[in-house]
Every structure is written in C-alpha cells, then in structure tokens.
Amino acid sequence: MKIQHLPYTPARITSKYGKRNTGIKGASTYHQGVDIGTDKSKPYTATDGGAVTAVLPGTVCSSYYNHVRGWVVLIDHGTIDGKNVISLYQHLKQAGTAKGTRVKAGDRIGTMGNTGVGAQLHLHFEIRLNGRPVDPEPYIHAYEEEE
C-alpha cells in the first residue's frame, strides 16, 4: 500500500509510533500513530496549523469529539492489497469533514489544532490495517521519496 498524499505538509514527525512517556497527564504510553508538528514558521502560540488532508481516497466513516483525542476524523479507504485500510486524524482545531463524505487524496478534511490531550499544536495520524494500528512513518517516508 502506498499513500497518495501527505496528511500535513511538511510531515515533520515530532513523536514516533510505539512506547513513549510524554509526561502529559492522560497521554498514551503506547503511541499508536505519529505526531506531526506544525510548520516551524507558525508561532508556538498559534491556534491554527493549516490544512490536514486525506492520504488516500475513501469515505469518512467517523467524525467526532473525544475529551482525549479532541476532534477526530476517520476515513475508510476500502481494501488495498488484501487489507482494509483506515486512516485517523486527531487533535483537529474543530469538527472535520462529516461522516459519509467521499474524499479524494489531498482533499482538506480538517485543520491542525490542539484539542483533547496535548501539549501544543499538532496532528496525531494513524494508519489501521484490518483494524490494527501500524507505524505510519514508513508510508510517509515512501511518499516523500517518490516526490
């Protein structure tokens, strides 16, 4: 499987997939995705990090608010290479694209924010294959290498 667009540009990964200790109360100790930091040209106090975009075409299967995850959008991309693929985008600034909306790779689905539990403006991004989170960093790097 190859992604067709980055979830945020530039894809500056600030927290990797796997075990971690952020020191933030309520933050996960096993990170099931990657955090992508805002463009460094944005001030630390900014509340809007810019466009968050779909990595593949699909249908928004969930769009909701959670006190830990903040504003979240999940996109079902269907079956690719024999696996059901879902991407998740969290900590959006406000409600993202509505459930049931068909999107293309590169379509704006929300705005980077700092809702839920987090220390600063960022995007938490996950890829789930057959319902299980996998490290999305190799997919991001493979896309960047082809550009």
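A: Strands here are DSSP runs of E of at least two residues, numbered from the N terminus, and in this predicted model His91 has its place in strand 8.

Q: Is His91 buried or exposed?

A: The cut-off for the buried class is a relative accessible area under 20%, and His91 is buried because its relative accessible area is 4%. Beyond the residues up to four places away in sequence, His91 touches a set of residues that includes Val68, Arg69, Trp71, Met112, His122 and His124.

Q: Which residues touch the most other members of the largest nonpolar core?

A: In soluble globular proteins, nonpolar side chains tend to be buried together. In this structure the largest nonpolar core has 27 residues, and those touching the most other members are Ile3, Ile75, Tyr89, Ile109, Leu123, Phe125 and Ile140. At least two residues of this core come from each of strand 4 (34-37), strand 7 (70-80), strand 8, strand 11 (122-129) and helix 1 (137-146), and strand 11 gives the most, with four residues. As for Leu123, its contacts, leaving aside neighbours within four places in sequence, include Pro7, Tyr8, Val34, Ile36, Val52, Tyr89 and Met112.

Q: Where does Gly96 lie, and which residues does Gly96 touch?

A: Gly96 lies in the loop between strand 8 (83-92) and strand 9 (102-103), and with a relative accessible area of 21% Gly96 is partly exposed. Not counting residues up to four places away in sequence, Gly96 touches Ser63, Val73 and Ile109.

Q: How many residues apart in sequence are Gly96 and Gly110?

A: Gly96 and Gly110 are 14 residues apart in sequence, while their C-alpha atoms are 4.5 Å apart in space.

Technical notes. Residues numbered from 1 in each chain as written. Predicted model: local features only at pLDDT ≥ 70, side-chain atom pairs only at ≥ 80, totals over all residues. Heavy atoms only, no water. Buried < 20%, exposed > 50% of the residue type's maximum accessible area, 1.4 Å probe, protein only. Contact = heavy atoms within 4.5 Å. Core = buried A, V, L, I, M, F, W, Y, C linked by side-chain atoms within 4.5 Å.
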